[in-house]
Amino acid sequence: MGLGIGIGNAILFNNKREPIVYEVGDPLAGGVVASTTTVNGQYLVISKYWYNKDSSGGTIDDAAWDTYQPFPAPDTGASLTALGTGPTNTDTIISALSGGPWLTTSAAYIVRQWLPDYSLPSKDEHVEIQQNYVDINAGLVNIGGDELENSFGFAITFWTSTEATLNGNPGYALGGKAGLPIEFFSYIKNTSLEVRGIKWVTP
């Protein structure tokens with residue numbers, strides 16, 4: 001029992017409560033920790049499965065960033081790149097596409113329908129996943145999840161939530177590989193890539 005000092009109705013104890021420290025690959029909140037860099041005390045967590053893969057099995061589906069048809073897709077303003085901004089970008093995409101023909105086939109909408117508390121990763125969140133993918137894969141295997149590589153050992157390319165341009169032209173979004181070297185490409189938004197969710201979790 002810690003030694004306490006009474007102040008009004010409060011008691012302050014001198015015994016220390018050390019915070020829990022998580023490492024990359026540790027299980028947390030249904031997924032695994034993807035980075036030791038925290039934002040406001042929260043950890044970046046990647047989903048256990050690819051889109052449309054749950055504990056009962058199923059297939060891995062991909063999705064366009066915001067449209068199959070009609071073309072071209074509009075820009076949404078989801079241009080944030082920093083750690084912690086994936087959820088904001090995802091909200092922006094869904095809001096901008098709401099009421100239009102693009103929403104229900106968009107990766108942002110799909111990830112929220114699939115896992116309501118997850119989002120598409122921002123560019124910098126994806127960087128963390130790429131840098132740490134080996135330890136992330138080990139953690140995913142430990143919890144029976146889907147690795148970030150296919151059966152041939154090739155890194156699977158999946159969407160970020162960050163809008164991009166190509167040769168000065170809008171209408172593109174960034175997709176990245178879950179592996180090294182770190183790479184991003186500007187894809188036209190009706191390209192179909194894999195979808196993986198992330199969330200920020202307070203332990």
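## A buried loop residue

Ser122 is located in the loop between helix H2 (107–114) and helix H3 (123–131); helices (H or I, at least four residues) and strands (E, at least two) are DSSP runs, numbered from the N terminus. Ser122 has a relative accessible area of 0% and is therefore buried, a class that means under 20% relative accessible area, with exposed over 50% and partly exposed in between (1.4 Å probe, protein chains only). Leaving aside residues up to four places away in sequence, Ser122 touches Leu80, Thr81, Ala82, Leu83, Thr85, Gly86, Asn89, Thr160, Ser161 and Thr162, where contact means heavy atoms within 4.5 Å.

## Basis and confidence of the model

This is a predicted model, in which local features need pLDDT of at least 70 and side-chain atom pairs count only at pLDDT 80 or more, while totals for chains, interfaces and linings use all residues. Residues are numbered from 1 along each chain as its sequence is written, and side-chain values use heavy atoms, with hydrogens and water left out.

The average pLDDT of the protein is 85, and 84% of the residues score at least 70; pLDDT is the predictor's confidence in each residue, from 0 to 100. Over residues 1–14, pLDDT stays under 50, and the model has 13 contacts beyond four places in sequence for them.

Leu97 belongs to helix H1 (residues 86–97) and is buried because its relative accessibility is 0%.

Val141, in helix H4 (residues 133–142), is partly exposed because its relative accessibility is 46%.

## Salt bridges

The whole structure holds 6 salt bridges, each a side-chain nitrogen of Lys or Arg within 4 Å of a carboxyl oxygen of Asp or Glu. Asp91 pairs with Arg112, with the closest N and O atoms 2.7 Å apart. Asp91 lies in helix H1 and Arg112 in helix H2, so this pair ties together parts 21 residues apart in sequence.

Lys199 and Asp117 form another salt bridge (3.1 Å, N to O). This pair links strand E11 (residues 198–201), which holds Lys199, to the loop between H2 and H3, which holds Asp117, 82 residues apart. Lys199 is buried at 9% relative accessibility, whereas Asp117 is partly exposed at 47%. Salt bridges with shared partners join Asp66, Asp75, Glu163 and Lys189 into one network.
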